[in-house]
Amino acid sequence: MEFVRNFPFFCIMLAMVSGPVSSVLSGKKARVLSLSVVTICEILSIATLYYTLDLDGPFVYTMGRFPAPFGNEIRVGVLEAFMATSFCLIMLLSLTGGLKYLVKDVPEEKMNLYFIMINLLLASLLVLIYTNDLFTGYVFVEINTISACGLIMIRGWGRNILAATKYMIMSLLGSGLVLISVSIIYGITGHLLMHNVHEAVLKIVAEDTYTEPLMLAVGLFSVGIAIKSALFPFHAWLPDAYSYSTCSSSSILSSLVSKGYILFLLKFIYRVVGTDVFRLSGADDVLFIFGIVGMIMGSVDAIQQTDMRRMIAFSSIAQIGYIYMGFGLGVEAGMVAAVFHILAHASAKSMLFVSANGLAEVSGQSMNYRNLRGSGLRNRSAGAAFVVGSLSMVGIPLFAGFTSKVYFAKAAMNAVTTKEIITLIALAISTVLNAMYFIRMAISVFTPKMNEEYEDERFRTGTVYRLSVVVFVVIVMILGVFSNPIFDWIERGLTEFS
Amino acid sequence: MSKIRSDYETSRRAAFRRYVSGEEDLKSIDYMPMFEKQIAEEKKEDERATEHYLVPPLKDPMEDAKLHAELLGMKWFRRLYVVMSVALCLCIIGAMVYNVAFMPAFGGTDAPTNNEVSERYLEKGQEETGVVNMVTGLILQYRGFDTFGETHVLFIATIAVMILLRMGKKEIPEEVDGEESEGDVILRTIARFLVPMILLFGLYVLVNGHLSPGGGFSGGAVIGAGLILYSAAFGFTSTARFFNEKIYDILKVGSLGLYSLLIIYYLFTGANGIDSVVPLGKVGAIISSGLILPINVLVGIEVACTMYAFYALFRKGGL
């Protein structure tokens, strides 16, 4: 076996071991360790991606001495490796972009605890990407939930504790539903490994033996993941959680944590029940409807906000709606567009949070849009990044959001006529609504104040901050302009999934 | 001209324009006629002064009435909310109960769970892992990676509680220690008698995990309970003589680190088809079953530390 096949395993183990090690380190050393672990994982993931591109199909890595249905295993294909690469990169940039604010927001004696959370979050995301086993997925969903909770409450304000409590309650409800679903599936198939479950599921559907429990399990799993990733009616925890936590936390939460769950759902749809059975259960229609409603309602809520970070948080609800709408379209192209939108949203949203913090820094730490006037002139790099992020969110050509919207529209053309019409109309309305708040904010940020108080004060941002913002902009542009190879990888990965 | 201009000022178009340029809040557009501009200006001043105000300042009776109506609406909303949530729960319960009728019978011989997987665990488990207690062999060898993750769930839960409750060194009140060293006489007498037995029993469960029911998780929980009883009876000061923050850190990180090394060795050799150098030993002996015994002990230490840490964090905010 080639040595490179061990790389995903190394990434996971590195992230997991660095967690306990950080607990005895000082805050500074824990930070260095965490940043280097994320960087190493990024390099190893790139190597894995490069390796899988040349392979004919995905490879399976046995976790232990015992092969598949008896032991654990992970599965590495093009899509998995690509997702791991992009998640590591976005996590690294969110950390470097928010480093300055982290030192300010997190007390020194709790700094190492923060990085334990980051390390284990990375591990759980990687496992959710690579796992080929339902129960392993569930265990790491738990780790993901607890570490996300830690990220929210590390700042220690009353608002953070409240937000973390809300998040905990909703998220545990979601985990509970997922666990019930996994147990039902184990009860009717006798397997936990995705491949074997899939075979058993096909048999169940063909012989019509345990169809009712199967349908219930599919429904519970979809709803559980939808709650955890804040699909429209379950989004009540999201605005507080995203807007009051520290900069790195909010960008990681919005871009990665919810996306890890969505990828797990994607695996469930493709590898466990299969797309046909998923459509048979009707769960895709439900996701479609709530996705569409979320697209509109998230933006309507965002327009009413006066706090910039709450506005960005509400726009996340709309973007999650897009992804579920793609899942619900019922065609292959919709899934591809949804997976691409996971990336497009992850990169643009984390950039928006990082830049929003930069803008607030030069406006007396205020997030109110009135105080933010002209802040783009005071902190140019943050302002520029904010404009790029906004344009991507609205869907202007050259930026990532445009590509995913075009592909959503293209996918809708292949769908059933009702869904096609609804999707196209919702896309149009949602774009206008997005423009209403994002473009307005971008204009406001670059309009000088009437009686300028900070006239001479030219603010200097740190090199690390500027560098991470530049890389963010480059990623968004690459996703917008050179999207063809990425779509090829996603399509190839999804074909390998089934 | 002036008339047209004032028309424009009050029109929705102008309001939208003001909204776009960031001068106006969208919520205020609809219900703010121009003659109230003066009041609104004052309100804005107030808002600027206290940016996250909780109770809006009440000024005119109209607003009072509005607030009243709002509260009434809230009341109805709360009632509706209760009714809806009960209905939702009933729906979910109904779906679950309905589902039970279709599930395979519990423990039935023809249930899908009785397949080649559980067969192999039961028939070949002893030979392949060297354990008598198959549950231990299953969680530490066949599905060792899951258990590794589960141990980290415990670890990260302690860390999350620490984020919430850990105070700086200076903030821990000294009196807590003083108060608690004066334990109850009955409690102290019984604890003196019970604690060694509990610890011994925990140790027994721990090291016999591969032979009899028990293992790292249960043995660790027993030891943790013994530690909690000790510190409840004799106070934190006497517990700190043999179990303080330093020792806690060493034990926790040492056990998790060693566990990680062992599991990495196990997973890596297993995946790459390298023969493991750890002998399985004679089935049924205390020192047998390869890596399972040390892993059980390490998991036990981690669980005991977690249990005690939760207690100490909730009692006084630090170890």
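The exercises below, each with a worked solution, concern a predicted model.

**Exercise 1. The overall build of chain A**

Work out whether the radius of gyration of chain A agrees or disagrees with that of a compact globule.

Solution. Begin with the make-up of the chain, which has 20 helices and two strands, and whose C-alpha trace spans about 75 × 55 × 45 Å along its principal axes. A compact globule of 498 residues would have a radius of gyration near 23 Å, and because chain A has 22 Å, the two agree. Next, consider burial and contacts: 64% of the 498 residues of chain A count as buried, and among the contacts in chain A with a separation of 6 or more, 78% are made by residues 24 or more positions apart.

**Exercise 2. The largest nonpolar core**

State how many residues the largest nonpolar core has, and which of them have the most contacts inside it.

Solution. The largest nonpolar core has 247 residues, and those with the most contacts inside it are A15(A), M91(A), L122(A), L126(A) and V476(A). The largest share of this core, 18 residues, is given by helix 14 of chain A, which covers residues 332-361.

**Exercise 3. Helix 7 of chain A**

Check the span of helix 7 of chain A against its number of residues, and then find where its buried residues fall when seen down the axis.

Solution. At 1.5 Å a residue, the 14 residues of this helix, 194-207, should span 20 Å, and the end C-alpha atoms are 20 Å apart, which agrees. The buried residues in helix 7 of chain A are M194(A), V197(A), A200(A) and V201(A). Seen down the helix axis, the buried residues fall within an arc of 125 degrees, and therefore they line one face of helix 7 of chain A. Their cover includes helix 5, helix 6, helix 8, helix 10 and helix 11 of chain A, whereas the face turned away from the buried side carries the exposed residues A206(A) and E207(A).

**Exercise 4. The surroundings of Y242(A)**

Find which residues Y242(A) is in contact with, leaving aside its neighbours within four places in sequence.

Solution. Y242(A) is placed in helix 9 of chain A, residues 238-244, and it counts as buried because it has 27 C-beta neighbours inside 10 Å. The residues in contact with Y242(A), once those neighbours in sequence are set aside, are S250(A), L253(A), S254(A), A313(A) and S316(A). The C-alpha atom of Y242(A) is separated by 8.7 Å from that of I312(A), and these two residues are 70 residues apart along the chain.

Key: Residues numbered from 1 in each chain as written. Chains lettered and ligands numbered in written order. Predicted model: local features only at pLDDT ≥ 70, side-chain atom pairs only at ≥ 80, totals over all residues. Helix = DSSP H or I, 4+ residues; strand = E, 2+ residues; numbered from the N terminus. Expected span 1.5 Å × (residues − 1). Buried ≥ 20, exposed ≤ 12 C-beta atoms within 10 Å, placed from the backbone. Arc of directions from axis to C-beta. Contact = placed C-beta atoms within 7 Å. Rg over C-alpha atoms; globule rule 2.2 N^0.38 Å. Core = buried A, V, L, I, M, F, W, Y, C linked by C-beta atoms within 7 Å.
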